[in-house]
Amino acid sequence: MALFFHFLLLGCLAVGGLSTVLPDMYRYLVDEQGLLTGRQFTELYALSQAAPGPGALWVMLLGLQAAGWTGAIATTLGVLIPATAFSLIASVFHAQHPDAPIALAIRRGLAPVALGFMLASGWLLLQSVGHGIPGYGLALLTFAVASATRMNPLWLMAAGALAGIAGL
């Protein structure tokens, strides 16, 4: 139940997607509870991002590794219930008041929050893998290229895979 309630709270805070609350999931599962190692956490996240299917697959994998099938159900329902409720409320409000100033203010205000959360998630994943200076350099270069160009992210992922194969 503790796993469910913690992920329910995180589901309420997941502005911009579940990856935005990844640092707190890491803190809870790895640092506080010791249910996973940092490496397991990172590998499960990477595996789920490489696999086709729903974007929230990694949350279920974390729960499965941490506490079996009950953990998978607890984490998945915990993050999906708030997202579903918020989406329903927002879509009804938008349908009734599409040009409301409050809706525009919320969208503009939450964008920088989501971006900050996503950057924190990327930093945490980079630290937990422990590739040192070459890994940080590659991550910084990838971020710069992604920010400055319209390059397809698949090319950046392929370059990262080749760098991993090369041992960077």
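The accessible areas come from the Shrake-Rupley method with a 1.4 Å probe, and for residues only the protein chains shown count as cover. Helix α5 supplies the largest share of the nonpolar patch, 5 residues, and I102 is a residue that lies in this helix.

## How the model is read

Residues are numbered from 1 along each chain as its sequence is written, and side-chain values use heavy atoms, with hydrogens and water left out. Because the model is predicted, local features need pLDDT of at least 70 and side-chain atom pairs count only at pLDDT 80 or more, while totals for chains, interfaces and linings use all residues.

## The overall fold

The protein has 7 helices and 0 strands, and its pattern along the sequence is α-α-α-α-α-α-α. Helices (H or I, at least four residues) and strands (E, at least two) are DSSP runs, numbered from the N terminus. The C-alpha atoms fill a box of roughly 55 × 40 × 25 Å, taken along the principal axes.

Of the 168 residues in the protein, 29% are buried, where buried means under 20% relative accessible area, exposed means over 50%, and partly exposed lies in between (1.4 Å probe, protein chains only). The accessible surface comes to about 10500 Å², and 73% of this surface belongs to carbon and sulfur atoms. Among contacts (heavy atoms within 4.5 Å) between residues at least 6 apart in sequence, 52% join residues at least 24 apart.

## The nonpolar core

A nonpolar core is a set of buried Ala, Val, Leu, Ile, Met, Phe, Trp, Tyr and Cys residues joined through side-chain atoms within 4.5 Å. The largest such core has 25 residues, and those with the most contacts inside it are F7, M25, L29, F41, W58 and L62. The elements that give two or more residues to this core are α1, α2, α3 (38–50), α4 (57–96) and α5 (101–129), and the largest share, 7 residues, comes from α4.

The surroundings of L29 can be described residue by residue: leaving aside neighbours within four places in sequence, L29 is in contact with L3, F7, G34, L35, L36, F41, L62 and A66. L29 is also one of the buried residues of α2, which are L22, M25, Y26, Y28, L29 and V30. After α2 comes G34, whose phi is positive, near 65°.

## Two buried threonines

T75 is found in helix α4, and T75 counts as buried because its relative accessibility is 0%. The side chain of T75 reaches the backbone oxygen of V59 at 3.0 Å. Not counting residues up to four places away in sequence, T75 touches L3, F7, V59, M60 and G63.

T20 has its place in the loop between α1 (2–13) and α2 (22–32), and T20 is buried, since its relative accessible area is 2%. With neighbours within four places in sequence left aside, T20 is in contact with A14, V15, A114, F117, M118 and S121.

## Salt bridges

Side chains of opposite charge can pair when their charged atoms come close. A salt bridge is a side-chain nitrogen of Lys or Arg within 4 Å of a carboxyl oxygen of Asp or Glu, and the structure holds 3 of them. R27 forms a salt bridge with D24, the closest N and O atoms being 2.6 Å apart, and because R27 and D24 are 3 residues apart in helix α2, they are separated by about one helical turn. E32 also forms a salt bridge with R27, with the closest N and O atoms 1.8 Å apart, and D24, R27 and E32 are linked in a network of salt bridges. R27 is partly exposed, with a relative accessible area of 29%, D24 is partly exposed at 22%, and E32 counts as partly exposed at 47%.

A further salt bridge joins E43 and R39, whose closest N and O atoms are 3.3 Å apart. Both residues lie in helix α3, 4 residues apart, about one turn of the helix. E43 counts as partly exposed at 44% relative accessibility, and R39 counts as partly exposed at 47%.

Key
Polar contact = N/O pair within 3.5 Å; in protein donor to acceptor, adjacent residues only side chain to side chain.
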